[in-house]
Amino acid sequence: MDRKTREIIGSSRYFGFNAAKREIEIGWTFLARSYWGGEYNGELKRLMLDHAFKFVESVVFLIGPDNLRSQKAVEKVGGVRIGMREKHLQGKLVQQVVYQIKRSV
């Protein structure tokens, strides 16, 4: 939410909690185009990371291989590319780049 205008500017969510790995995914982040490239995405991710690290050791981000904008944004908040995953979504096999941030001790 934009504090000045009180308008909703986007959303994000947690998904895929893995208790055995003490890991959760942050994803499905959408921001209004007028908020791209600023501080909003980083602030949103930092708030979510701070909250998640109260409960897990690791946060992952799954990003489409062609989505370079999102890959760079995750790298800006400390994400490290650790590999690729394949996932079945709506009957299709989809590749995703995996980024990870581990809780600092």
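This is a predicted model: local features need pLDDT of at least 70, side-chain atom pairs count only at pLDDT 80 or more; totals for chains, interfaces and linings use all residues.
Residues are numbered from 1 along each chain as its sequence is written, and side-chain values use heavy atoms, with hydrogens and water left out.

Q: What is the volume of the largest pocket?
A: A pocket is an open set of points on a 1 Å grid over the protein atoms alone, where a 1.4 Å probe fits, with protein on both sides within 12 Å along at least five of seven lines. Its volume is the space filled by probe spheres set on the points, which are joined across faces, edges and corners. For the largest pocket this is about 840 Å³.

Q: Which residues lining the largest pocket are the closest to its centre?
A: Lining residues have an atom within 4 Å of a point. The largest pocket has 31 of them, and the closest to its centre are Thr29, Asn41, Lys45, Asn67 and Ser70.

Q: Which element gives the most to the lining of the largest pocket?
A: Strands (E, at least two residues) and helices (H or I, at least four) are DSSP runs, numbered from the N terminus. Those that give two or more residues to this lining are S2, H1 (40–52), S3 (58–63), H2 (68–76) and S4 (80–89). With 7 residues, the element that gives the most is S2.

Q: Which element gives the most to the lining of the second largest pocket?
A: The second largest pocket has a volume of about 400 Å³. Of its 13 lining residues, the closest to the centre are Met1, Asp2, Ile9, Tyr40 and Glu43. Strand S1 (10–18) and H1 each give two or more residues. The most, 4 residues, come from H1.

Q: Is Phe30 buried or exposed?
A: Phe30 lies in strand S2, which spans residues 23–31. Buried means under 20% relative accessible area, exposed over 50%, and partly exposed in between, with a 1.4 Å probe and protein chains only. Because its relative accessible area is 54%, Phe30 is exposed.

Q: How does Lys87 count in terms of relative accessibility, and what is the value?
A: Lys87 lies in strand S4. The C-alpha atoms of Lys87 and Ile26, 61 residues apart along the chain, are separated by 16 Å. Lys87 counts as partly exposed because its relative accessibility is 24%.
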